[in-house]
Structures are given as structure tokens and as C-alpha cells.
Amino acid sequence: MKSGLNMKIKTMILLSVFALMFFGNLSMAQKKKLDTPLKPEDYGAQFDLGIVIGQGSNFQSGKFFVDCPDCVFETGQKYGFSLGGVALIDLSKTFRFGIMGLYESLGINDSFRETELVNVALDDERIEKLNVNFRHEAKVDLSAFTITPFVSWNPLPFFFVRTGLSGSFLINSNLYHKKTLTDRFVSIGDIDSVRIELETGGYEKVVEDGDIQKLNPFQLYLVPMAGFTLPFGQRIYFSPYFSYSIPLTDISDNGDAFKINHFRFVLELKMVFNPYRFGVDKK
């Protein structure tokens, strides 16, 4: 399965490169239109290339099952970031088409407490059943390569609203699940305090540490975005904006509608080719 996934990632990277080359050639071709007496020079579509940096939060919806009885994680969340590049080209005076290629961290952390009925072995070889408290912790590490084509609507030169559809290929996944005994001393019958440990010794036990079971390596997201465009010199401008990725697919079948949502506060820094939006002299 890994070789197939690697091939899909390479294909998406090649498609992104071809898209950037197409945008560049289209912009240059439109720029080379000649003046005529009846039609002044048409400088064509504005074409931008830039970098994207975003940070925010990943959070879980649905339920995630792990390899132990009655263990369900439901409230996972964690800091996340996105890093990559973007290209945009004009479709009309108010609409633009763009594409982003991003590396994204999509992991979450979660924990819960439970009371479990366990057998406690005493020094006199008696076995007692007791309710003992445990804490379960899960760390889900996920990273993805994401391609997001989008359409941008610019009702004002400095404000835009975008809608995109993201395809994310999960390139790394790991689940670390730890169980910790939180009760160190218990009372048994006429014995006020008895020190207890796990059968393996100590108070912690690693339940799972490996690949996520029944992982769906391809994820689909609907991505609305809104922000501002601010000039920074003649051919460079930056765009702070907010994006929210709404998952359309489950991360794993080992759960109940287990998805990872994420939002980002993003900064795009772009260079303008064939500019006209800010009255730049086109020489």
C-alpha cells in the first residue's frame, strides 16, 4: 500500500508543477498581446506566485476506537500548522483561480479517565477484586501532503472570499496509547492502605505504539477562506486570512465518523507578475 501511496503523491506533485507552468505560460501569452489603433494594449491576467504559512488547531469529531475494551477517545485536539506554496491567476475582474500545495500536520492528543474492576494480588496470596482508577492517553501523529484548487471572489481590491476542495494524502501516521494507574494506594477490608502496581511493574503501560489501524490514506476537505490583500511594495503583497477545513471523509474506519477538522490563521506572501490591481507601472 505504501508504494501505491508514494506513486499518488508523486503524481499530485507533478500535476502541481504542470499547473504552475500552465499558469505562467498563460500569463506570459496574454501579456504579449500587441497594441492596435482601435484597441489599446491588453496586459492580460494577473499571475501571482507565493508562499503560505499557517498555524492553528486540529480537533476531532466522532469517536476513535483503540485496542482495549471500552476505550473511546472523543475530544482530541492539538496545535497544527501548514506550509507550502500558492499560485493564482485572474479569471475576470472579480474572480481568480488558484491552487495550493501544502505540507500539513494534522495530529491530535486526547485523554480520559476510567474506573476498572481488576484483580489485586495480596502478599498472603489472596486475590481481591477492586475498582481502580486509570488514565488513558492517546497521541495521534498525522502529516499530509495537500493539494487545494480554489476559486477566489474579490468584491473589493483588498478583500477576498475563497472556496476550495482539498485532497490530502496522509504520508505519516502513528498512534501512541498509554495507560496509567492513578491509584497508588487502596483500602482492602480491614487493611487501611495497600500499595498497588501493574502486573508488569510500575504504574504505566504502553498499550499501542504503531500505525493507525484501518487508516484511510486519502482525505477530502471543503475549505472556505476569507481575508485581506495588502500591498507591500510594487510587486509584493501579503494576504492574512482565516481558513477552516471541513472533513468529508473519515480518518479511520476504526471508529464512528472519526474525522479531524482544522482551522488556520494564514499568511500568504506573493510576488505579482503582470500586475494591474494596485496601479503598478507595467514596463
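Student: How many cavities of 30 Å³ or more turn up in a search of the whole structure?
Tutor: This is a predicted model, where local features need pLDDT of at least 70, side-chain atom pairs count only at pLDDT 80 or more, and totals for chains, interfaces and linings use all residues. Residues are numbered from 1 along each chain as its sequence is written, and side-chain values use heavy atoms, with hydrogens and water left out. A cavity is a set of points, on a 1 Å grid over the protein atoms alone, where a 1.4 Å probe fits but cannot get out. With 30 Å³ or more as the limit, the number of cavities found is two.

Student: How much space lies in the largest cavity?
Tutor: Grid points are joined across faces, edges and corners, and a volume is the space filled by probe spheres set on the points. For the largest cavity, that comes to about 150 Å³.

Student: Which residues lie nearest the centre of the largest cavity?
Tutor: A lining residue has an atom within 4 Å of a point. The largest cavity has 17 of them, and those nearest its centre are Ser82, Leu102, Glu104, Ser243 and Ser245.

Student: Is Ser243 buried or exposed?
Tutor: Ser243 sits in strand β13. Buried means under 20% relative accessible area and exposed over 50%, with partly exposed in between (1.4 Å probe, protein chains only). Because its relative accessibility is 8%, Ser243 counts as buried.

Student: What is the relative accessible area of Met100?
Tutor: Met100 belongs to strand β4 (residues 95–105). Contact means heavy atoms within 4.5 Å, and beyond four places in sequence Met100 touches residues including Val52, Phe150, Met225 and Tyr241. Met100 is buried, and its relative accessible area is 5%.

Student: What is the volume of the largest pocket?
Tutor: A pocket is an open set of points with protein on both sides within 12 Å along at least five of seven lines. The volume of the largest one is about 680 Å³.

Student: Which residues are closest to the centre of the largest pocket?
Tutor: The largest pocket is lined by 28 residues. Closest to its centre are Val118, Asn119, Glu197, Leu198 and Glu199.

Student: Which element supplies the largest share of the lining of the largest pocket?
Tutor: Strands giving two or more residues include β5 (108–121), β6 (127–156) and β9 (191–195). The largest share is six residues, and they come from β5.

Student: What share of the residues in the chain is buried?
Tutor: The chain holds one helix and 14 strands. Of its 283 residues, the buried share is 42%.

Key: Helix = DSSP H or I, 4+ residues; strand = E, 2+ residues; numbered from the N terminus.
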